Amino acid sequence: MGSIQSAVVGFAVFRFCWPRGGTPFGPHENVVVQSIAVATATMPLAGGFVGIVPALQMLSPPVRLSVAQQLAWCGGLTYFGIFFAVPLRRQTILVEQLRFPSGTATAKLIDTLHTRHEGGGRWRVLGWSFGASYCLSLLAYFAPAFANLRPFDWLCLPAASAWHWTVRPSLSYVGQGMIMGQRSALSMLAGALTAWAVLGPMAVSRGWVAATARPAGTPPAAAEAAEGGCAAPPLPEGAINSWEVGAQGWLLWVAMGLMVSEALSSLAVLTARQFLMLPPPSASAAQSGAPGGGEGEAEEGGGGGGGGGAGGGGGGAAAEDGGGDPLEVAPPSQLVPARWWLGGLGASALLCVAIVAPLFSIPAWQLLVSICLSCLLAVLGVRALGQTDLEPVSALGKLSQIAFAVLAP
């Protein structure tokens, strides 16, 4: 969500605008800057202003919130999330030692930015890659045709272009793929191939979508002859791109089934492990020294979690006086006391009930159930983010909707 970009921009601005004579702009200050930037950028999504609030206005009758009500709504959500993030850090970073690819990359970048004398080669690589992406972005802006290349049109296959098989030259996505790794990227590629090369065309040709529906028992109609040598065969309006009657909306239900099913199975496994007190797989590998979770990766995660070199350098001392926790790598001065986050978690939960219950006329018990469910889904989402650098927001949202469809139909 822009943590790497925020770290670079924050360094470029505050490194030269920081007041002289005080504490220098170091790794810890950069972590604060990029954390605030990322939190601000993700607030519209986390607060529901991208999906939930607009969806409320589409109901019959529509539900419209005033500015004061929207601010109260945000307050109830954000404070609960802030306090619940504290225990998640220990479980996902210290115990399970999840990779968090973007977070680790941000920490390494901050370390490089603030230790220029040790990373001359890395600075050169950063400069060259920055310049290449900058030039390509400018080219795509001033030459819009370059922003969406249609190679299948050149091969006289316009039907493939109609099914969105186009190319968007973006080095930003290339960099994201480098950070995510091939496992997640290949899975996403397999999904794109399955949806837009197999299932989507099959659904349209067989009349499974509303735009091309036919009476039962009618054989698939042959495609009409296209006029011109390379013209795409004609399709009903909205057969591909419509969310209501086209293949895009039909594929959404297939994708939601896959995502919700995996979310349910992961939630069941996670809950069973918590009840049986079994260690997570990554923690077991780290304790046994197995590849992929051994000392090297744990050391790398510890250095990154402290905001670059500063946090990693004090890991040994922190383990000795970190409140008796042998896994803790941060000094006690950087830790949130347990009574703070426990009290804040309880107070923010009551705040959620006090705000949302009268706002939407919802019984308090349903809100308490939703708070407990959100804790389980948050653990699931953070673990997915730490493993794949992708958070299944849509799947988790649909999972909560299914739960309340049963509890409060």
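These questions and answers look at a predicted model of one protein. Local features need pLDDT of at least 70, side-chain atom pairs count only at pLDDT 80 or more, and totals for chains, interfaces and linings use all residues. Residues are numbered from 1 along each chain as its sequence is written, and side-chain values use heavy atoms, with hydrogens and water left out.

Reader: How many helices are in the protein?
Author: Helices (H or I, at least four residues) and strands (E, at least two) are DSSP runs, numbered from the N terminus. The protein has zero strands. Its count of helices is 18.

Reader: Is S161 buried or exposed?
Author: S161 sits in helix α8, residues 158–162. Buried means under 20% relative accessible area, exposed over 50%, partly exposed in between (1.4 Å probe, protein chains only). S161 has 4% relative accessibility, so S161 is buried.

Reader: Which residues is S161 in contact with, leaving aside its neighbours within four places in sequence?
Author: Contact means heavy atoms within 4.5 Å. With those neighbours set aside, the partners of S161 are R150, F152, D153 and T166.

Reader: Is Y141 buried or exposed?
Author: Y141 lies in helix α6, residues 120–142. Its relative accessibility is 64%, so Y141 counts as exposed.

Reader: What percentage of the residues in the protein is buried?
Author: The protein has 409 residues. The buried share of them is 29%.

Reader: Among contacts between residues at least 6 apart in sequence, what percentage joins residues at least 24 apart?
Author: Take the contacts in the protein between residues at least 6 apart in sequence. The share joining residues at least 24 apart is 65%.
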